[in-house]
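The following paragraphs lead the reader through selected features of the structure shown here. Please keep the sequence and the coordinates at hand while reading.

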Amino acid sequence: MFKFKLGHKQPEENETRRRLQKELFGLNKICVRGFPSRPSSLAYDAQLKLIAIGTHAGEIRIYGQPNFQLSYSLDPNQSSSIRKLIFLDGVGRLLVLTVDGYLHLLEINNYNPSINDFSSNSTVRIDRTGTSSEDDSIVLKNTQTICLLRNHSSLLIGLNDGNIHSFNIENFSLNTDPIISTDIIERTIVEYCSGRIIHPGPVQSIIQHPINEDKILIGYKNTLIVHWDLPSNSHDRTYIYKQEVESVCWYNKGMNFATCHNNGSYALWDAKQQLNIVETEKIPYGPYPCTPMTKICVKTLRNGDPLIIFAGGLPRSSYSNKHCVSCLSENEHDHNNERARHVTFDFTTPVIDFFTIDKLSNDGCRDDPQSLVILLNEEIVVIDLITDSWPCYHLPYLNSIHASPVICTTLACNVNPQFYKKLVNYATIQLDDYTDRTGLYDPYCDDPRLAIQKLSLCTNTDALIIAGTAGQVLTFEFSADSSDVNIATTTVNLLDGCESFVWKGHEEMKTRQTFIPSGLVLTSLVQLYPPAAVSALALCSDIQTYAVGTAHGFTIFNYKQNRILAAKCTLDPNALGNTSAVPSSTGESTLIRGRSLKKSLRESFRRLRKGRTIKKATMMLTPKRTDENNPLFSTNMHLEEIIRVPVERQVEFREFKPVDDQVASMVRCLYFAKTYLNSVNDRTRSLWAGTNGGHVYVYSITGSEPQSINTLTNGTPIATDQTSICSMAKEIRLKHKAPVLSIVVLDAFNQPIGQGSSISTLESISTTSNVPVSTPSQPENISQVSSTPFNSHKVLICSEEQFKVFTLPNLKPYCKFKLTATEGTRVRKVNINQFSLKTDHVNESHSESCLVCLDNMGQISIYTLPTLRRQILFSCIKASDINALSSVQFSPFAHALYLQSSSELVQVTFSPQTILPYSMSITYDKIQRKTIQRSDLEKPVRPMSPEKTLSNGNGIEAHLSSVKIK
């Protein structure tokens, strides 16, 4: 009881190794795929053809042609919700106004990476060049609208109190005195409006004249519109409408303007007329009360007719909860014209903003709008205004991941080109025949048994395995023929030997015959009993077999022969008794610790010794925790900077009570591998299954070698008409009884072999990939232990608390690393990756096979194999973001993808050598980009987090305006 084991000192790393670590490992965010979550603002650069979207989380996305994407994050520690975005046209600059009253200036610059990088291609990044001071934020917090003058030197800011201030962009400072104060406007009201209104109210809109840069149009909330002259700082004309003003806009080269109002009406005015001369006023959806018309835009079509675009204005009684944008085209002098059109676009989420992409005529008299871009709360819609029917474009990007919540993801690497063509054709058919294919999916169905738990895909055999919440496992394959599907259900009883168990959960799903068109067709259906949620799935396509597990056991099934190869119940029959609790189907386990007087005394003595040990280790370096709100912080902690003498905390083994036996029996991972299971001279196909209780079952699969061989497109043989026999070969019980999350068999080069456990193997990776991957055919470039035989295999068993390596076939312990005991964190997901680096020699490269681990705190750590020495540690995901942690999918190319929100997938890399396999650049007018003349010593600038420059591309060469991708 008084023994105390001191932590072993980590071996020192020399300077060469430290340099190598920095070149091999590094966390970088590559791109964000999907639609930004919670958008708040929209901007468009008409010259550079760029669209910017700001979000409530302080994220900024800039999109150009397909495969061009940039991203930037404001300070996540502050209230950085973005209120307004506005481009400085043609100069690659963006103004960002946040809710907390700060104005930021961002620049898009070309950037050439250093010579040491893997790719010498140029890229584009976003730099912050200016931020307003804290004193200016007091005024900017009350901003209602902004207007950038075309000289790019001043920004007009309209406030809620009716004042208008000027912000100087050249020195990036705010003029504290308003250039147009409410006092001047009130005197104007008394003089010209006969006292009908007292105060103008908030500034709703400021628009600069399209021809005369000295004139602006101001719309005030309390029914007042003012035509203002900037040089003389006086009004030219004033207009009063009978309803509150929501928005104003110029049209017809500034000879006319339009206003929209809170009663759902709009008015068209002649800019040369005086007070209250309205050419046209209309309530499109009247005469009954309507919702406010929040924004209006008037464009001149190619035929000369005006196109009026507005948001809102629907009848309040019947459509107050609807969200729409309406397009109205009619000649104001001929209402019976055949060219008159009125179309309303109805959406399911609120409209945030919209704009048009125009093609001006040579004389500037025709706007000729080409497209209408509408930003909604959950999608962006682009409407073709050239085609007569005004259809929607199919977007090349900015598509939401899915309309319903994503609960299951899988990553398929090295997709077979033939399979990809079939998938694209199938998707095209689905889109073309969407209106005729009713009854295939009910979007209003709320049956929880339909939820998908696990997916497994093989693109070489076109096999897709889907496992659900009610224990159903379906096999799909591509078929060019339509047919009536009536598949017989194969029931697998997982309670063999545990007949005393009583299932009190939901019932199994019922099947019926139905017509299935060509495409993915159901070929096999398995129903597990009890119908609990599937917790693990592994596919071995070369023997046409998969393994599936639940909280009660697992089975091995041949989906071509519809034959059960084996079934194993993982419940403990001795501990069941009269227990009738329903097993948990979430896959999560609880950490149970027993308490006793003996353990309490032992812990007390350990605390005393720990205090003495800490006093002796005052010179040890301690890790600095990175801010979890800024997970991709640039500071990375290497091995020698973490802890010199790690002190293990005592972690008691788990004592599962009888009532918790169902949780311990849950199957967490399944893995197929052909390895040296019984002897070093013969490789045997095997299935490895790990449970929540720390049990590992190993089954040998004999007789699966092909008698008649079919060959895949990549040369992989498929066994057909074979008779496989499965039997238990080995059983491992971990002493600490932690859940087994992953099992991987490693070859002599520390490369993973086999299928399953969400770990992609290098055997299935095509040599045509543009990512450099070393293969076992290059032993001189792969780090390995010199004493290891060439044909020896090892098995890596990863539990929630530790990693442990065993040699095969005798299962002798080789090495282990206790993560929970040393760090206090738990493993969430692991992967094996190959990290390569080019050396000074022309045809040589250095390569290492490493274990990549994601823990429950969102940190990524990398360990060497098979010695399990940690190389680097960095923070990747917020610990509070449970959805992101549970959705992480690793790739064999040192990449990972995870759900940042319900509509976005983030792609990150752990190697700086695989960031940019392409190049892109942007061309802008450098003469018009004025230098910001400002001293940071004079005015304090709010500290910002490091910028995150993201780029997205797949090597497609294209050219759009001044944005280039190569």
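Gln-834 counts as buried because its relative accessibility is 7%, under the 20% cut-off. The model is a predicted one. Gln-834 lies in strand β53, which spans residues 827-838. Its side chain takes part in a polar contact of 2.4 Å with the side chain of Ser-847, and a polar contact of 2.5 Å links the side chains of Gln-834 and Gln-751.

The core comprises 35 residues, of which Trp-688, Val-795, Leu-796, Phe-803 and Leu-851 touch the most other members. Beyond four places in sequence, the residues touched by Leu-851 include Leu-796, Phe-803, Val-830, Ile-832 and Ile-862.

Another part of the model holds an open sheet of 4 strands, ordered β6-β7-β8-β9 and paired in antiparallel fashion. Its edge strands, β6 (82-88) and β9 (123-131), each pair on one side only. Neighbouring strands of the sheet are turned against each other by 25° on average, direction ignored. Strand β6 runs antiparallel to β7 (residues 93-98), and 6 bridges join the two. Within this pairing, Phe-87 has Leu-94 of β7 as its bridge partner.

Note on methods:
Residues are numbered from 1 along each chain as its sequence is written. This is a predicted model: local features need pLDDT of at least 70, side-chain atom pairs count only at pLDDT 80 or more; totals for chains, interfaces and linings use all residues. Side-chain values use heavy atoms; hydrogens and water are left out. Buried means under 20% relative accessible area, exposed over 50%, partly exposed in between (1.4 Å probe, protein chains only). A polar contact is a pair of N or O atoms within 3.5 Å; within protein, one must be able to donate a hydrogen and the other to accept it, and residues adjacent in sequence count only if both atoms are side-chain atoms. Two strands pair if DSSP finds at least two bridges between them. Axes are lines fitted to C-alpha atoms, for helices over the stretch in contact, and angles run from 0 to 180 degrees between N-to-C directions. A nonpolar core is a set of buried Ala, Val, Leu, Ile, Met, Phe, Trp, Tyr and Cys residues joined through side-chain atoms within 4.5 Å. Contact means heavy atoms within 4.5 Å.
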